[in-house]
Amino acid sequence: MANLLKKFRFDASCVEQVEINEPPSKESIDAFRRLPVKEELGEEPIKDPKVLRTIRIGELVRQHCSEETRLVVISIPVPVTDVTTPLMYMSWLEVMSADLPPVLLVRGNQTNVLTFYS
């Protein structure tokens, strides 16, 4: 990732990759429920793995950012056209990028490949 950022003229001094092994905290889920998407969620617990994963990503990014962080690069989640509403998708983006320095959301092609030419 550091080499790729350098090729695109981003001076990256610290690149961190983290694994998502745990579910999001109750505080993060509650913060997501306070977003305008709350009407769509209802009172039931959130069970959708994609929603929980997105909440956890935002949580991890905030944990790993320091005061010196100047740019955060995140692979943007891809919505399922017939299932994900625009309000839900915007809530995903909000929960991933809230309270952070500038965030660059990168759209991939759903393939786990990271090269200069892809």
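What percentage of the 118 residues of the chain count as buried? In this predicted model, 30% of the residues are buried, where buried means under 20% relative accessible area, exposed over 50% and partly exposed in between, with a 1.4 Å probe and protein chains only. Residues are numbered from 1 along each chain as its sequence is written, and side-chain values use heavy atoms, with hydrogens and water left out. Because the model is predicted, local features need pLDDT of at least 70 and side-chain atom pairs count only at pLDDT 80 or more, whereas totals for chains, interfaces and linings use all residues.

The chain contains five helices and two strands, in the order α-α-α-α-β-α-β from the N terminus. Helices (H or I, at least four residues) and strands (E, at least two) are DSSP runs, numbered from the N terminus. Among contacts between residues at least 6 apart in sequence, 69% join residues at least 24 apart; contact means heavy atoms within 4.5 Å.

Helix α4 covers residues 49-64 and helix α5 covers residues 86-97. The end C-alpha atoms of α4 are 22 Å apart, which agrees with the 22 Å that its 16 residues should span at 1.5 Å a residue. The expected span is 1.5 Å times one less than the number of residues. For α5, with 12 residues, the distance from first to last C-alpha is 17 Å, close to the expected 16 Å. After α5 comes D99, which has a positive phi near 60°.

The two helices pack at an angle of about 25°, and their axes are 8 Å apart. This makes α4 roughly parallel to α5, a label given to angles under 35 degrees. Axes are lines fitted to C-alpha atoms, for helices over the stretch in contact, and angles run from 0 to 180 degrees between N-to-C directions. On the α4 side, the contact is made by K50, V51, T54, I55, I57, G58 and R62, which meet M88, W92, V95 and M96 of α5. By class, seven of these residues are nonpolar, two polar and two charged.

Buried residues in α4 are V51, T54, I55, R56, I57, G58, E59, L60 and V61, and they pack against α2, β1 and α5. In α5, M88, Y89, S91, W92, L93, V95 and M96 are buried. Their cover includes α2 (26-33), α3 (38-41), α4, β1 (72-75) and β2 (103-106).

How values were computed: Parallel < 35°, antiparallel > 145°, perpendicular 65-115°, else oblique. Nonpolar A, V, L, I, M, F, W, Y, C, P; charged D, E, K, R; others polar.
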